[in-house]
Amino acid sequence: MSRPLPIPPPDRHRIEDLNRAYDLAHDAPLPPGARRGLLAPVRRLLLRILAAPLRRQQAFNAIVVDHLNRMDKRLQQAHEMDDEALLWAESEFDTLSRRLLDVEMTADGVARYREALLAREQRATEAVDRLSAAHEELRNAVSLLQIATQSLARDLVRTRSAPPATQAGAAPSDTQTAAPPPLALSVPSRDGGYKYVGFEEHFRGSQEDIRQRQLDYVSLFAGASDVLDVGCGRGEFLSLLRDHGITARGIDVNQTMVDVCTDKGLTAIAGDALAYLRAQPDQSLGGLIAVQVVEHFEPAYINAFVEVAFTKLRPGAPIVLETINPACWYAFFSSYIRDYTHKQPVHPETLSFLMGAAGFQKVELRYLSPVADTEKLQRLTTPPDTPLFEVVDAVNVNIDRINTLLFSFQDYAAVGRRP
């Protein structure tokens, strides 16, 4: 910060000359040697003669000189005050300079402290992220352990309650009647079944989330009975139907899933869906739903499943087949290939065609779970009067096309009815 410039003092070197020269009748001393002779009396005579005419001029001069003297005095006082103000300003300047230096030093200290806080915050955030990841991993492990423990407990109960097996080649006792052969169901191995339950919990969502997603399907089965839920999973839709007074049962290849359903008081069995359908009487079902199931089937199995379902449903009964939408690349790469049990992606138009070819009518496709706008490619903006408007408009057209391919709807449901 620069110091203020000093104020120069008033110029007084002509003030004294002015005070002496204003009196026109003043008898100024003669030069040396000029007092003798007639010059002095003549000079005095001329002054007395001119004094009267010049009196008004002398009065005017006196007023002007007096005014100038007063102004000179005020200028001297002002200069003295300016000197005092300058001293005060210099003192304040020095004080302000010291304070500014202190502020700069304090600002540097605050900046260093802020940098230290930001570094500490970054370390704390990283620690929280690591802790959150560890917590999520622990939660998944505990959840999987709980499911495995429940599955083992159910196996133990079944083992204790099962009747002793008849020895090979031995005839049954008189009091023991041969049990009727069970339905020819293809029940898969139970090894690792609890792991898939944990997989669904982690990636697909909680049971309450699934209930909310499937709630819109309930109205399609209003007034129906004997509804079959293929791939019933943890029984979310079975419980919704029960809450709305609609009788239903479920089937799933995963015994652990079935155990979860039976623990809720729902009717469910473990078995192969197509084999179970073929074992049912024709037109015995009041409705069929399979949510996120057909992508687990082989192509020939899908075709046979749809055709057999048509023969087992009553006239007017609805069928709902929901699956991942492979036409949405985001869903295909983020959902479909993540599940190691998936066998065949089914295009919406393909499933709609298969259902129509099997005889179902009024087949409609309902697209679900739209990709969030934040995940899509963002359109460009520019005023219409700019030179780049046509280029930006062409780019936006292609962005919309890409979004249609990549980021549309993640799921869809093919809904039809048997005529």
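Select helix 7 (residues 255–263), where seven of the nine residues are buried, so that the helix is mostly covered; buried means under 20% relative accessible area, exposed over 50%, and partly exposed in between, with a 1.4 Å probe and protein chains only as cover. Helices (H or I, at least four residues) and strands (E, at least two) are DSSP runs numbered from the N terminus. The model is predicted: local features require pLDDT of at least 70 and side-chain atom pairs count only at pLDDT 80 or more, whereas totals for chains, interfaces and linings use all residues. Residues are numbered from 1 along each chain as its sequence is written, and side-chain values use heavy atoms, with hydrogens and water left out.

Within helix 7, display Gln-255, Thr-256, Met-257, Val-258, Asp-259, Val-260 and Cys-261, which are the buried residues. Just past the helix, Gly-265 adopts a positive phi of about 85°.

Next, select Val-230, Leu-288, Phe-305 and Leu-321, the residues with the most contacts inside the largest nonpolar core, which has 33 residues. A nonpolar core is a set of buried Ala, Val, Leu, Ile, Met, Phe, Trp, Tyr and Cys residues joined through side-chain atoms within 4.5 Å. At least two residues of this core come from each of several elements, including strand 1 (227–230), helix 9 (299–312) and strand 7 (409–417). Helix 9 gives the most, with eight residues. Centre the view on Leu-321: beyond its neighbours within four places in sequence, its contacts (heavy atoms within 4.5 Å) include Leu-288, Phe-305, Leu-351 and Tyr-412.

Move to Ser-284, in the loop between helix 8 (273–279) and strand 4 (287–291). Is Ser-284 buried or exposed? Ser-284 counts as buried because its relative accessibility is 18%. Leaving aside neighbours within four places in sequence, Ser-284 touches Asp-226, Lys-312 and Arg-314.

Finally, turn to helix 2 (residues 39–51), which contains Val-42. This residue is partly exposed, at 42% relative accessible area.

Zooming out, the protein chain has twelve helices and seven strands. Of its 419 residues, 30% are buried.
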